[in-house]
Each structure stands twice: as structure tokens, then as C-alpha cells.
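Try each task before you read its solution.

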Amino acid sequence: MISGQVIQTSIDELRAITRIDLCVTDLEGNVVASTMGEEEVQKDAVYFFVNSAADSQVVQGYHFFKILYEGAVTYILIARGNGEDAYMIGKIGVSQIQNLMIAYKERFDKNNFIQNLLLDNLLLVDIYNRAKKLHIAIEAKRVVYLIETKQEKDAGALELVKTLFSNTRDYITEVDEKNIILVKELDENEGYEQAEEVAKMLLDMLNSEAMSQVRVAYGTIINEIRAISKSYKEAKMALDVGKIFYEEKNIISYNMLGIGRLIYQLPLPLCEMFINEVFGGQQLPDTLDEETLNTINKFFENSLNVSETSRQLYIHRNTLVYRLEKLQKSTGLDVRVFEDALTFRIALMVSNYMKYMKREEF
């Protein structure tokens with residue numbers, strides 16, 4: 001239902017234009033919004049008017065009007081005065097509030113529809129029927145963004161996203177405490193480059209304007225409304241995979257997850273089997289010290305180039321070779337050899353995945 005603050009703003013604007021005081025009450029005479037003193041509202045008069053057959057009535061110098069919603073009396077509007085001006089302004093106020101209630105209901109219905117669509121709670125026939133009823137395009141290019149905030153129920157971040165994407169083609173909603181969901185419609189000539197730009201804008205604006213530390217993930221671009229849940233699930237997977245394998249990134253796209261996507265879908269027993277086969281009784285990758293891990297990661301970043309890696313680490317070439325040989329003795333893998341480097345890289349990712357999943361269990 002429409003909030004009292006919205007009604008208050010509406011009658012304040014009417015009061016400023018017309019100089020006629022207005023009051024809106026519930027059916028028991030309790031004030032919802034008013035520009036006049038509460039003592040002027042007579043609850044008995046409201047009660048008798050609600051139970052009368054009249055749509056409007058003058059009572060002791062005040063015009064009373066019934067505000068209907070879907071055929072039922074929902075509020076009572078009272079305009080001070082018994083002349084034509086008070087009557088006309090009262091009718092305008094009734095019309096304005098009734099239209100606001102219709103607009104808010106449609107907005108609520110759309111939000112409810114999008115939430116159920118994201119969570120796969122609708123049958124296919126219901127998706128098409130409700131989309132038509134709510135005037136939502138069935139065929140359109142869309143992509144789902146998942147914005148994770150550090151704080152639960154970050155109202156500032158949510159309001160900023162709503163401000164940035166206020167057109168009727170985009171939908172902003174929530175399905176849990178920490179994630180804001182944006183269903184963004186793209187133009188026909190837009191693709192992943194534009195989708196990435198939207199993600200960057202979201203990140204920059206939320207970090208600077210809302211002072212919120214966020215991570216943004218998005219799924220693949222879809223062309224039909226029934227596939228929105230698919231893009232949402234992809235964005236959710238991208239967010240989880242990003243936390244495990246690409247912690248340094250604040251924007252994660254599903255179609256750029258690479259091997260991390262494959263590892264994420266492996267069962268834990270299979271991961272443990274792989275780690276045991278690769279290392280046997282040797283030292284496991286998750287037991288390596290920070291200096292060794294930093295050396296390995298920098299070595300991989302430089303495509304197994306010893307000279308460039310030693311330069312970037314500010315160490316002598318022989319020092320780097322010593323570290324790599326020490327690693328070979330403890331793990332049985334020589335990361336200077338491509339096949340062993342590939343195995344070790346995958347093992348590191350599998351190890352990180354296993355640690356993450358075990359933390360999630362508690």
C-alpha cells in the first residue's frame with residue numbers, strides 16, 4: 001500500500017497551490033497525512049460518513065470524500081471549507097491519491113514479478129501472461145547484475161542504483177540482505193562491451209557517491225524474458241567464483257571466468273582425489289608460505305620468464321632459481337616446465353576452492 005509520506009507530499013503540494021487545507025484519514029478516523037491540526041478531525045463524523053452511501057458530504061464546514069481502491073473505500077479525504085473551491089480541490093485530491101495507489105500497485109506487482117522470475121517461481125505460461133499484463137517486453141536484450149554490498153540492507157546503495165536506472169525498462173530489486181539486483185535492458189546494437197561499462201559505472205558511483213564497498217557481477221546477455229533467471233544464476237556463480245579465484249577483481253563477468261567456472265562445479269571428493277594424485281605425500285599448495293606463493297604467482301604472470309620475474313621481484317636471478325628448485329623438492333613439480341606449471345596452477349585453484357567450500361559449511 002502507498003506510504004503516508006507519499007500522501008503527505010501530495011496534499012502539501014495541493015495546499016501550497018490552492019491554500020485549502022486537506023487531511024487524509026483511515027476508515028477509523030486516524031490521521032494518515034494532514035495540513036491541518038489533528039484536533040479538527042472528528043472521528044465520529046468519519047465513522048458515520050464511511051458507513052453512509054454518499055461519495056462526498058459536507059459536515060460542519062468540511063467536505064468529506066471517499067477514496068476508493070479496486071472498488072473498496074480505503075481512505076477518507078477531508079477538505080476544509082464548504083464552498084465550490086473546497087469541493088473541487090477535494091475531488092482533485094481524491095483523483096490524485098487514487099492514481100498514486102494504482103501506480104504504486106503496478107510498481108509493486110512488477111517488483112514481485114521480477115523477484116519470482118529471478119528465483120524460477122513461475123510457470124512458463126504465467127511468465128508470458130503476467131509480462132503482458134504488466135506491459136513488460138517479452139523479447140528484449142537484457143543482462144542481470146548482482147551488486148554485493150559490505151553492509152546488510154545498504155539503503156544508500158539501493159537508492160543510488162534506483163536513481164541511476166530510473167527508466168521503466170530497467171528493474172531494481174532484492175532477494176536477500178546483501179545483494180542488489182539490476183535487470184538492465186540493452187539496446188539492439190549494445191553487447192558485452194557496453195555491459196562492462198555499466199558495471200564500471202556502478203562500481204565507481206557506489207564507491208564514491210554512496211561510500212559503499214561493493215563487488216559487481218553479471219551474467220550473459222539474454223534475449224527473452226524467461227531467460228532472466230539464467231542470467232541471474234550466472235551472475236550469482238560469477239560472484240562466488242570471483243571470491244574464490246579472483247579476489248583482487250571487483251567486477252566479474254560470467255563469460256570471463258575461465259577455468260575457475262569448471263573447478264567451481266566439481267564435487268569436493270573429486271577435488272581431494274586430484275590433490276592427492278598430484279602431490280601424494282609431498283607438500284600441499286595451501287601449506288606454502290606467503291613469499292613462495294607470491295613468487296609463484298609472479299612467475300605465472302610473466303609466462304614462466306625467469307629474468308622478468310626476478311626483475312619485478314627485485315631479486316637476483318639465481319635467488320629465483322633457488323626458490324623454484326626448493327619448491328620442486330617440496331612438491332615434486334618443476335614450475336619452469338609448462339606441464340608442471342599448468343598442473344600446479346590448477347592445483348592452487350582447486351586448493352582455494354576446497355578451503356572456501358569448507359568455510360561455507362560452518
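## Exercise 1: The largest pocket

The largest pocket holds about 810 Å³ of space. The model you are looking at is predicted.

**Task.** Find which residues are closest to the centre of this pocket, and which helix gives the largest share of its lining.

**Solution.** 
- Step 1: The lining has 25 residues, and the closest to the pocket centre are Ile-244, Phe-245, Glu-247, Glu-248 and Asn-352.
- Step 2: Now look at the helices. Helix H7 (228-245), helix H10 (290-301) and H13 each supply at least two lining residues.
- Step 3: The largest share, 9 residues, comes from H13.
- Step 4: Sorted by class, the lining divides into 9 nonpolar, 4 polar and 12 charged residues.

## Exercise 2: Rings that pair

A search of the whole structure finds 7 aromatic pairs. 

**Task.** Work out what kind of pair is formed by Phe-245 and Tyr-246.

**Solution.** 
- Step 1: Recall what you need to know: a pair of aromatic rings is described by the distance of the centres and the angle of the planes.
- Step 2: The ring centres of Phe-245 and Tyr-246 are 6.3 Å apart, and rings pair if their centres lie within 6.5 Å.
- Step 3: Their planes meet at 65 degrees, and over 60 counts as edge-to-face, so this pair is edge-to-face.
- Step 4: Check the surroundings too. Buried means under 20% relative accessible area, so Phe-245 at 12% is buried, and Tyr-246 at 13% is buried as well.

**Task.** Now take Tyr-264 and Tyr-353: which parts of the chain does this pair tie together?

**Solution.** 
- Step 1: These two rings form an edge-to-face pair, 6.1 Å centre to centre with 65 degrees between the planes.
- Step 2: Tyr-264 belongs to helix H8 (residues 259-264) and Tyr-353 to helix H13 (residues 338-361), so the pair ties together parts that are 89 residues apart in sequence.
- Step 3: Tyr-353 has a relative accessible area of 4%, so it is buried.

## Exercise 3: Charges over rings

**Solution.** 

## Exercise 4: Positive phi angles

**Task.** Arg-19 and Gln-60 both have a positive phi. Where does each one lie, and is it buried or exposed?

**Solution.** 
- Step 1: Start with the background: most residues other than glycine have a negative phi.
- Step 2: Phi of Arg-19 is near 65 degrees. Arg-19 lies in the loop between helix H1 (4-18) and strand S1 (22-25).
- Step 3: Exposed means over 50% relative accessible area, so Arg-19 at 63% is exposed.
- Step 4: Phi of Gln-60 is about 50 degrees, and this residue is in the loop between strand S3 (56-59) and strand S4 (62-69).
- Step 5: Gln-60 has a relative accessible area of 59%, so it is exposed.

## Exercise 5: One cavity

**Task.** How many cavities of 30 Å³ or more does the structure hold, and which residues line the largest cavity?

**Solution.** 
- Step 1: There is 1 such cavity, and the largest has a volume of about 40 Å³.
- Step 2: Its lining includes Gln-60, along with Glu-40, Val-41, Gln-42, Ala-45, Val-59, Tyr-62, Phe-64 and Ile-78.
- Step 3: By class, this lining has 6 nonpolar, 2 polar and 1 charged residues.

Conventions. Residues numbered from 1 in each chain as written. Predicted model: local features only at pLDDT ≥ 70, side-chain atom pairs only at ≥ 80, totals over all residues. Heavy atoms only, no water. 1 Å grid on protein atoms, 1.4 Å probe; cavity = no way out; pocket = protein on both sides within 12 Å on 5 of 7 lines; lining within 4 Å. Points joined across faces, edges and corners; volume = space filled by probe spheres on them. Nonpolar A, V, L, I, M, F, W, Y, C, P; charged D, E, K, R; others polar. Phe/Tyr/Trp six-rings, centres within 6.5 Å; stacked < 30°, edge-to-face > 60°. Buried < 20%, exposed > 50% of the residue type's maximum accessible area, 1.4 Å probe, protein only. Helix = DSSP H or I, 4+ residues; strand = E, 2+ residues; numbered from the N terminus.
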